[in-house]
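I opened my notebook for a first look at this one. Come along and read my entries beside the model.

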Amino acid sequence: MKKPRIEDENNNLIVYIGRLSPEKNPQILAKVTNDLDLPVLFIGSGVCEPKIRDINPKAEITGWLSYERIDELLKKARILVFPSKWYETQGLTVPESMARGIPCIVSDTCAARDMIINGKNGLLFSSDDEKSLSDSLRMLLDNKKLEGMSRNAYEIFWSQNYNADKYLKSLKGIYYSALQDDGKKRL
């Protein structure tokens, strides 16, 4: 169901959603937001929680929340940061944020980078590079730039006509193609 765009240019909260584990690299976001004195919210839990608290005592960590509670918190978001160091499946965090018009700053090594048109609907930063992430966050402190990316993120997401049936059909095609052997399907 299409929800209205969040007017994130009026917000100041930097948000991370996911497991707080080394490969997800939440500690880089804790460090950079602490250095820039920006408010940051970590939605999730994991082994990096004590390190995040040490790096950035002002960071808020909520633990795992319901979808409804996350949706409420996203209304206060300015930017979503997805700093994963690993190339892993895309997940839903980035597309669900973009569906609300929240620009995303995404590591250039993870699968979610494929959703980002750098400078148009979000930003890519060099994985595990504090300066690169800091530069990206600073860029989106400009309300006009952020609002433009927010509107683009929202429009681009909804123009793609994402839905579960389309996704599953595409995924099934990928599996069938991967399992073909001499023209014979194994499924």
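I began with Lys58 and Asp37 and found both exposed. This is a predicted model, so I read every entry as a look at a prediction. The two side chains meet in a salt bridge, 2.8 Å from N to O. I then looked up where the partners sit: Lys58 is in the loop between helix 2 (49-55) and strand 3 (60-63), while Asp37 is in the loop between helix 1 (26-36) and strand 2 (40-43). They are 21 residues apart, so the pair links distant parts of the chain.

How many salt bridges does the structure hold? I noted 13.

Next I checked Lys131, which forms a salt bridge with Asp135, with 2.8 Å between the closest N and O atoms. These two are 4 residues apart in helix 5, so about one helical turn separates them. Lys131 is exposed, at a relative accessible area of 56%, and Asp135 is partly exposed at 32%. I also wrote down a network in which salt bridges with shared partners join Lys3, Asp71 and Arg100.

Then I turned to surface charge. Asp108, Asp128, Asp129 and Glu130 gather in a patch of negative charge. Asp128 lies in the loop between strand 6 (122-125) and helix 5 (130-139), and I have it as partly exposed, with a relative accessible area of 44%.

Last, the overall picture. I listed 7 helices and 6 strands. The radius of gyration is 17 Å, close to the 16 Å of the globule rule for 187 residues, so the protein is as compact as a globular protein of that length. Of its 187 residues, 45% count as buried.

Terms used
Residues numbered from 1 in each chain as written. Predicted model: local features only at pLDDT ≥ 70, side-chain atom pairs only at ≥ 80, totals over all residues. Heavy atoms only, no water. Patch = residues over 30% accessible without salt bridge, like charges linked within 9 Å, V, L, I, M, F, W, Y side chains within 5 Å. Areas by Shrake-Rupley, 256 points an atom, 1.4 Å probe, with all protein chains shown as cover. Salt bridge = Lys/Arg side-chain N within 4 Å of Asp/Glu carboxyl O. Lys, Arg positive; Asp, Glu negative; His and termini not counted. Charge placed at Lys NZ, Arg CZ, Asp CG, Glu CD. Buried < 20%, exposed > 50% of the residue type's maximum accessible area, 1.4 Å probe, protein only. Rg over C-alpha atoms; globule rule 2.2 N^0.38 Å.
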